[in-house]
Amino acid sequence: MEFALSEEQRSFADSLRDLLTDRVTIDALRRHAETGNGFDPTLWDSLVDLGLPGLLVPERFGGSGLGVLDAAIAAEVLGSAAAFTPFAGSLVMATLAFIHGATEAQQDEFLPRIAAGEVRFGVGVSQDAHNATAVIDAGAPTHLLIYLPDGNAAVIDADHASLRMHRSIDRTRPVTDTAFDPERATILNAANAPIVAMQRVLDAGRVVLAADTLGAAQHMFDAALAFVKQRIQFNRVIGSFQAVKHQFADMVTMLEPCRAMVWYAGYAQDALPDEARLTALQTKAHLGDVGRDIARMATEAHGGMGFTDLLGLHYWFKRISFNRQILGSPEHCREEAARLQGWT
Amino acid sequence: MDLTLSDHHRALQDEVRAFVRTHGHKSPKLGGGRKRPDQKTRDWQKLLVDHGYVGRTIPREYGGSGLPPDVLESAVIAAEFAAAGIYAGLTNQGISMLVPTLLEVGTDQQKKQWVEKTIRGDVIWCQGYSEPGSGSDLASLSTRGVLEDDHFVVNGQKIWTSSAHYADMMFLLCRTEPDKPKHEGISYLLLSMQTPGIDVRPLRTMTGRAEFNEVFFTDVRVPADQIVLGRGKGWYVANVTLKHERSMIGNAEKMTTRLEQLITLLKSNNLLGTTEYRDRLLRLQGEVIAWKAHNLRLLTEAAQGVDSGVKRMIIKYGGTMLGFRLASLAIDALGAAGLPFESAGEDAEDDDATTWNIDYLYDVGLMIGGGSNNIQKNIISERGLNLPREPKVASA
């Protein structure tokens with residue numbers, strides 16, 4: 001038994017972190033927030049060079065064949081940098097939708113192109129098989145992957161759908177409404193139990209968004225800790241006041257177990273089918289709640305500076321809000337966990 | 001990342017399961033009062049020691065099994081006992097605190113004299129640390145030990161002394177070097193509770209029970225060679241001990257068991273259909289999942305010999321708060337039906353409502369004892385996060 005990241009996992013995270021430190025500076029983040037759509041071709045190319053798009057694609061289709069835990073590790077780093085790039089939808093959910101629901105021929109057509117970074121999917125869920133709202137990663141998609149009410153997924157060329165992009169509260173990640181004609185879609189209907197396959201994909205997305213929140217919350221915590229160690233008032237660094245110190249003790253006591261929880265939920269997606277659904281739903285819900293608390297307390301610890309645009313801390317605050325609201329709020333996820341356990 | 005057990009640990013798991021099948025019926029009941037362990041409990045304790053489930057890593061010459069430390073082995077054993085609802089052995093302060101301390105800093109003579117008897121349940125210890133005027137600021141303690149001939153003569157008062165009313169021995173902190181700075185003037189003594197001049201008075205707590213005592217010392221003579229490590233070294237020795245106490249509290253198995261009991265309670269009271277109760281239960285389930293995963297992470301780091309730092313320091317604070325919130329939901333679920341409170345006394349089992357109430361009340365004590373949660377937050381922020389220490393106020 002070993003509940004820890006492997007050498008390879010740590011070194012992949014380090015490479016991704018180094019790349020993002022270089023590319024996602026606060027100035028680049030501001031520029032993207034002003035004018036961007038959640039997709040930056042230059043950043044994307046460097047992520048392709050690193051192999052990020054092929055992370056979950058099986059090796060026979062040109063990817064690395066890794067699991068949801070590895071995607072969660074990457075998401076933590078992306079969240080920590082507030083990276084403006086498609087990931088949870090386009091690279092995790094879409095890839096898994098093909099793995100769990102597509103025919104061999106459909107996989108052969110799309111998975112190698114996902115791994116090569118040639119296609120990008122906006123991902124959403126449709127209630128009526130013609131429209132979908134709050135589609136993620138759809139600022140500049142080549143395709144849409146929309147789950148239909150029967151649990152099968154429709155793959156639509158972006159040119160064949162109408163797309164209406166909304167800039168969201170998180171200016172680095174838009175949400176998109178779409179109307180599409182299912183007659184012009186490729187339907188991924190190879191799963192024996194389509195609803196189960198769809199839930200599996202949604203759950204993987206939830207774990208990855210929770211991991212993104214973990215990274216963003218850790219970033220805000222680290223920034224706040226550094227701030228209170230150097231900000232002087234009353235002739236003392238404010239981090240020497242017990243009221244401040246105790247807030248940090250509260251934050252770290254909430255946040256640190258979240259990392260183990262995210263790892264566990266990722267591992268459960270890959271290796272513990274009996275626990276996979278419950279841990280994904282609970283992890284999404286818990287990180288939503290802890291993320292909000294950390295975002296609020298870390299901003300507060302910065303005093304007035306935290307409220308200004310000068311430090312840019314609000315980008316992470318809003319990223320955490322976005323993650324909380326998409327793919328089920330904490331209350332929604334917990335209610336689904338209740339149904340899963342036969343409690344309602 | 002791999003949660004499967006190695007062949008070695010699976011073999012141990014099979015062995016423990018076989019032990020539980022063969023001997024499980026001899027186990028005393030879980031919980032049940034704060035009294036001197038009875039014959040059945042002591043027999044069971046010896047069986048556990050003889051099978052290597054207690055004192056597993058303690059050297060053979062001191063009564064243990066002398067096996068190399070392996071936290072995963074301990075976790076496998078603990079998990080099997082918990083799953084079977086079997087008593088995993090005494091968890092008194094002698095076993096959990098004094099024994100590890102003596103093994104770390106005691107003389108060979110002290111280890112030979114005390115370790116085996118203590119782990120087998122033949123000698124019960126109590127801890128003489130806190131005083132009425134020295135709680136969180138333990139190092140300010142004022143119970144005096146004055147060397148006269150070859151004895152320390154002890155005068156003063158201790159408080160919060162669990163099990164002092166039936167203990168055979170006490171490990172005691174007292175001030176033997178009054179002229180030295182406060183941390184350097186303390187010594188750690190071992191003394192018999194039968195020594196003349198000791199007066200033990202029960203201290204009733206908010207649970208309605210007397211979990212603690214006050215202990216008064218009047219010219220109590222302790223042989224000078226019953227000191228651990230030497231004069232003025234008591235603070236260092238006590239910190240070795242406290243390290244062992246803090247890691248004890250807040251374990252994940254207890255959380256899991258309590259959550260399961262809570263789910264059963266809400267089901268049987270038909271409260272899962274009420275959104276507010278259901279959502280509170282689900283929130284706590286999420287936190288217990290996080291807590292268990294965190295525990296697995298700490299376990300792995302301990303097995304790898306990694307110092308977990310702040311990840312370990314949050315355990316006592318986070319664990320006692322989570323435990324209290326679990327008990328709080330149970331109290332709320334019981335509602336008016338949970339108000340009748342009939343503690344059957346220290347030797348008997350209580351009804352469910354009373355048991356939840358006692359857990360609920362006792363958890364408040366756990367937040368205070370062994371380093372209160374405000375002190376824990378100082379430790380987390382100062383030692384764990386390197387925030388500046390409180391400025392020292394000059395003593396009056």
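Predicted model: local features only at pLDDT ≥ 70, side-chain atom pairs only at ≥ 80, totals over all residues.
How far apart do the C-alpha centres of domain 1 of chain A and domain 2 of chain A lie? They lie 21 Å apart.

Domains of chain A. Domain 1 covers 7-188 and domain 2 covers 194-340. Their contact draws 35 residues from domain 1 of chain A and 33 residues from domain 2 of chain A. On the domain 1 side, the elements that each supply at least two residues are α2 (26-35), α4 (68-81) and α5 (88-101) of chain A. The largest share of that side is from α4(A), with ten residues. By residue class, the domain 1 side splits into 20 nonpolar, ten polar and five charged.

Now the sheets of chain A. One is an open sheet of four strands, in the order β1-β3-β4-β7, with mixed pairing. What stands at its edges? β1 (121-125) and β7 (186-188) of chain A do. Each has a single partner strand, so one side of each has no neighbour in the sheet. From one strand to the next the twist averages 20°. Looking at one pair, β4 (residues 153-157) and β7(A) run antiparallel and are joined over three bridges. Within that pair, A:Val155 is opposite A:Thr186 of β7(A). A helix packs on this sheet as well: α5(A) touches β1, β3, β4 and β7 of chain A. The direction of α5(A) makes about 70° with that of β1(A). Recall that α5(A) also supplies residues to the side of domain 1 that touches domain 2 of chain A.

The other sheet I want to show is an open one of three strands, β2-β6-β5 in chain A, with antiparallel pairing. Here β2 (131-135) and β5 (162-166) are the edge strands; each has a single partner, so one side of each is left without a neighbour in the sheet. Neighbouring strands are turned by 15° against each other on average, with direction ignored. How many bridges join β5(A) to β6 (residues 175-179) of chain A? Five, and the two strands run antiparallel. One bridge partner pair there is A:Arg164 with A:Asp177, the latter in β6(A).

Most residues other than glycine have a negative phi. A:Ala82 is not a glycine, yet its phi is positive, about 55°. A:Ala82 is located in the loop between α4 and α5 of chain A. Is A:Ala82 buried or exposed? It is buried, with 24 other C-beta atoms within 10 Å, where 20 or more is the cut-off for buried. The second case is A:Asp137, also not a glycine, with a positive phi of about 60°. A:Asp137 is in the loop between β2 and β3 (143-147) of chain A. A:Asp137 counts as buried too, with 29 C-beta neighbours inside 10 Å.

Turning to chain B. Its domain assignment gives domain 1 (7-90), domain 2 (125-232) and domain 3 (249-384). The C-alpha centres of domain 1 and domain 3 of chain B are 24 Å apart.

I'll take one helix from chain B, α5 (residues 108-119). α5(B) has twelve residues and spans 16 Å from its first C-alpha to its last, close to the 16 Å expected at 1.5 Å a residue. Which residues of α5(B) are buried? They are B:Trp114, B:Val115, B:Glu116, B:Thr118 and B:Ile119. The buried residues of α5(B) pack against α2 (39-50), α4 (93-105) and β1 (125-128) of chain B. After α5(B) comes B:Gly121, with a positive phi near 85°.

Last, the contact between the chains. Chain A puts 36 residues in contact with 37 residues of chain B. On the chain A side, the elements giving two or more residues are α7 (194-230), α8 (242-271), α9 (273-301) and α12 (330-340). Which element gives the largest share of that side? It is α8(A), with 15 residues. The chain A side divides into 21 nonpolar, nine polar and six charged residues.

That is the end of my part.

Notes. Residues numbered from 1 in each chain as written. Chains lettered and ligands numbered in written order. Contact = placed C-beta atoms within 7 Å. Nonpolar A, V, L, I, M, F, W, Y, C, P; charged D, E, K, R; others polar. Domains from an automatic or database assignment. Pairing = 2+ DSSP bridges. Axes fitted to C-alpha atoms, helices over the stretch in contact; angles between N-to-C directions. Expected span 1.5 Å × (residues − 1). Buried ≥ 20, exposed ≤ 12 C-beta atoms within 10 Å, placed from the backbone.
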